[in-house]
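Work through the exercises below with the sequence and the structure in view. Try each task before reading its solution.

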Amino acid sequence: MRASTNGVLAVLGVRSQDPETNEQDYWQKVGLSSEWNRYAFTFRPAHRYVFVTIGPSLTEERRLHVDIDAIQLEEGEQATAFAPRSPLELAV
């Protein structure tokens, strides 16, 4: 991730939920810079469904750009090296 200005806070988050019971949230705040950096976030879900939340954590309304690329979800105790799914990837 990267931001148009240094020091922008972002949130990496997951909501673990079971439709018949309740939910559990896992959040981690990170400070972004204008350079691309990789961020890793590990969690152990309490329920069988998870919903991913990634984006800026703003305390006030302001104009900025946050770029998010190549989100990789995997099972394990720690993040592994990034591996593209194919040689050419495109997103809108």
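**Exercise 1.** For contacts with a separation of 6 or more, find what share comes from residues 24 or more positions apart.

Solution. The model is a predicted one. Step one: take the contacts in the protein whose partners have a separation of 6 or more. Step two: pick out those between residues 24 or more positions apart; they account for 61% of that set.

**Exercise 2.** List the secondary structure elements in sequence order.

Solution. Start with the count: there are 5 strands and 0 helices. Then read along the sequence, which gives the pattern β-β-β-β-β.

**Exercise 3.** Decide whether L73 is buried or exposed, and say where L73 lies.

Solution. First locate the residue: L73 is in the segment that follows β5 (66-67). Next, take its relative accessibility, which is 63%. Exposed means over 50%, so L73 counts as exposed at 63%.

**Exercise 4.** Describe the protein as a whole by its box, its surface and its buried share.

Solution. Along the principal axes, the C-alpha atoms fill a box of roughly 40 × 40 × 25 Å. The accessible surface is about 7,500 Å², and carbon and sulfur atoms hold 49% of that area. Of the 92 residues, 20% are buried.

**Exercise 5.** Count the charged side chains and compare the centres of the two sets.

Solution. There are 13 negative and 9 positive side chains.

Terms used: Residues are numbered from 1 along each chain as its sequence is written. This is a predicted model: local features need pLDDT of at least 70, side-chain atom pairs count only at pLDDT 80 or more; totals for chains, interfaces and linings use all residues. Side-chain values use heavy atoms; hydrogens and water are left out. Helices (H or I, at least four residues) and strands (E, at least two) are DSSP runs, numbered from the N terminus. Buried means under 20% relative accessible area, exposed over 50%, partly exposed in between (1.4 Å probe, protein chains only). Contact means heavy atoms within 4.5 Å. Accessible areas come from the Shrake-Rupley method with a 1.4 Å probe; for residues, only the protein chains shown count as cover. Lys and Arg count as positive and Asp and Glu as negative; His and the chain ends are not counted. The place of a charge is taken as NZ of Lys, CZ of Arg, CG of Asp or CD of Glu.
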